[in-house]
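Subject: Structure handover

Hello,

Here is the structure I promised to pass on. Please open it alongside this email.

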Amino acid sequence: MTIALSHAEIVRLLGLTDPAAIEELRRSAYDLTTETVGNAVHYRGIVELSNRCALDCYYCGIRRSNREVERYGLDRDEVIEAALFCAEAGYGSCVLQAGERRDEAFIAFVEECVAEIRARSLSERLPQGLGITLSLGEQSLETYRRWRDAGAHRYLLRIETSNPALFATLHPPAQHFETRVRAVDDLRTAGFQVGTGVMIGLPGQTLDDLAADIAFYGQRDIDMIGMGPYLHSQGGSMPASAMMAREPLLALGLKMIAVTRLALPTLNIAATTALQALVEDGRERGITYGANVTMPNVTPRGVRRNYQLYDGKPCLDEGSLECRGCLERRVIASGRRVGWDEWGDSPHARRRLPITV
Ligand code: SAM
């Protein structure tokens, strides 16, 4: 996919500090969003189905070696109920996310949940059923095929950073950058709409790295982006972002959204929860900088506090309906409308994979 901006121009835009210049960047990205992906903001209700994880990513609060976290796994009925809540609430899609596991019991469990959600969400209101995105880490091509066949059609697997040396500082030696890239490519082979993304403001990360991340999205022909600020986790083993305090980190997160929109106009870009952890209206600000997707939390309230990827994760005590109401107010306040009952696939994905069911 052709990137509409040069590397040097991307670095320059990410480095803007003058408020008037940043406002001009925001305005251009916001206007281009309406032109290319439309005025709607799409909801994907996120179901955090388990915090059990076989990996030990240094930044993450649910990593295997964090003994402080109480582990949980929703049962089949709880997953399906949370997903069907999304259908009833008018969210066109759900996201099933969890720590990474590759055992057959987990693979079959997800397969069954996906098939059941698809079958039970078909209705006059949702003739194609609920859109199902998975975010369950690196898996084999065969597993991806099984989950795609069961009825999931989008998959989010962050690359975390496109700089292999930086990737190595974030993960134990057993986790390889090349394997992650191969998994992203396997998702395409399996027929998924592919989402990826990075953490912004990682210790040691430069603006050149972030510009290369945007280039990576283009080179890999990515359909959707979920990226957000790196936030310290007490359960992790990495320091807080040495690079930045809260305000500049938020500003950089927002500039990344705007510049990605300008560089790759037809992608879906999410305003992620991590933005809201930095500032109460962080997701709404993300929407005004060019995001067109947001992911309200529909995980049962009782377990939510155990899916604490980073300190200060918001919406822990809110019920799903409260999240729905507050998000709608935020979307309307930012001048956009909610894409109720729509799958809201990106124009890029619709061109690449015209049949998505
Ligand atoms: N296991 C799946 C995977 O790795 O793709 C999905 C769950 S994983 C917890 C989802 C994402 O959370 C990661 O890709 C990472 O970018 C993000 N994350 C984890 N810890 C974070 C932190 N401290 N700050 C910001 N994002 C974080």
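This is a predicted model: local features need pLDDT of at least 70, side-chain atom pairs count only at pLDDT 80 or more; totals for chains, interfaces and linings use all residues.

Cavities

The structure holds two cavities of 30 Å³ or more. Four elements each supply at least two residues to it: β1 (40-50), β2 (93-98), β8 (228-229) and α10 (273-278).

The second largest cavity has a volume of about 120 Å³. R44, V95, T133, L156, M224, I225, G226, N268, I269, A270, V293 and M295 line it. Eight of these lining residues are nonpolar, three are polar and one is charged. β7 (224-225) and β9 (268-271) each give at least two residues to this lining. The largest share, three residues, comes from β9.

Pocket

Now the open space. The largest pocket holds about 240 Å³. It is lined by 15 residues. L55, R102, E138, A174 and Q175 lie nearest its centre. The lining splits into five nonpolar, four polar and six charged residues.

Nonpolar core

The largest nonpolar core has 106 residues. L96, L134, W147, Y155, Y217 and M256 touch the most other members. Helix α9 (residues 246-263) gives the most to this core, with 10 residues.

Take L134 as a place to start looking. Leaving aside neighbours within four places in sequence, L134 is in contact with L96, V110, V114, W147, A152, R154, Y155 and L156.

There is also a second, separate core of five residues. Its members include I46, A270, V293 and M295. Of those, A270, V293 and M295 also line the second largest cavity.

Strand β2

Is β2 mostly covered or mostly open? It is mostly covered, with six of its six residues buried. In a regular strand, side chains alternate between the two faces of the sheet. Here S93, V95 and Q97 point one way from β2. C94, L96 and A98 point the other way. Both sets are buried.

β2 has a partner. β1 and β2 run parallel and are joined by six bridges. In this pairing, I46 stands opposite V95.

V95 lines the second largest cavity. L96 belongs to the largest nonpolar core.

Two backbone angles to check

E160 is not a glycine, yet it has a positive phi of about 70°. It is found in the loop between β4 (154-156) and α6 (164-170). E160 counts as buried because its relative accessible area is 10%, and the cut-off is under 20%.

Is D341 buried, partly exposed or exposed? D341 is partly exposed, because its relative accessible area of 25% falls between the cut-offs of 20% and 50%.

Best wishes

Terms used
Residues are numbered from 1 along each chain as its sequence is written. Side-chain values use heavy atoms; hydrogens and water are left out. On a 1 Å grid over the protein atoms alone, a cavity is a set of points where a 1.4 Å probe fits but cannot get out, and a pocket is an open set with protein on both sides within 12 Å along at least five of seven lines; lining residues have an atom within 4 Å of a point. Grid points are joined across faces, edges and corners, and a volume is the space filled by probe spheres set on the points. Ala, Val, Leu, Ile, Met, Phe, Trp, Tyr, Cys and Pro count as nonpolar, Asp, Glu, Lys and Arg as charged, and the others, Gly among them, as polar. A nonpolar core is a set of buried Ala, Val, Leu, Ile, Met, Phe, Trp, Tyr and Cys residues joined through side-chain atoms within 4.5 Å. Buried means under 20% relative accessible area, exposed over 50%, partly exposed in between (1.4 Å probe, protein chains only). Contact means heavy atoms within 4.5 Å. Two strands pair if DSSP finds at least two bridges between them.
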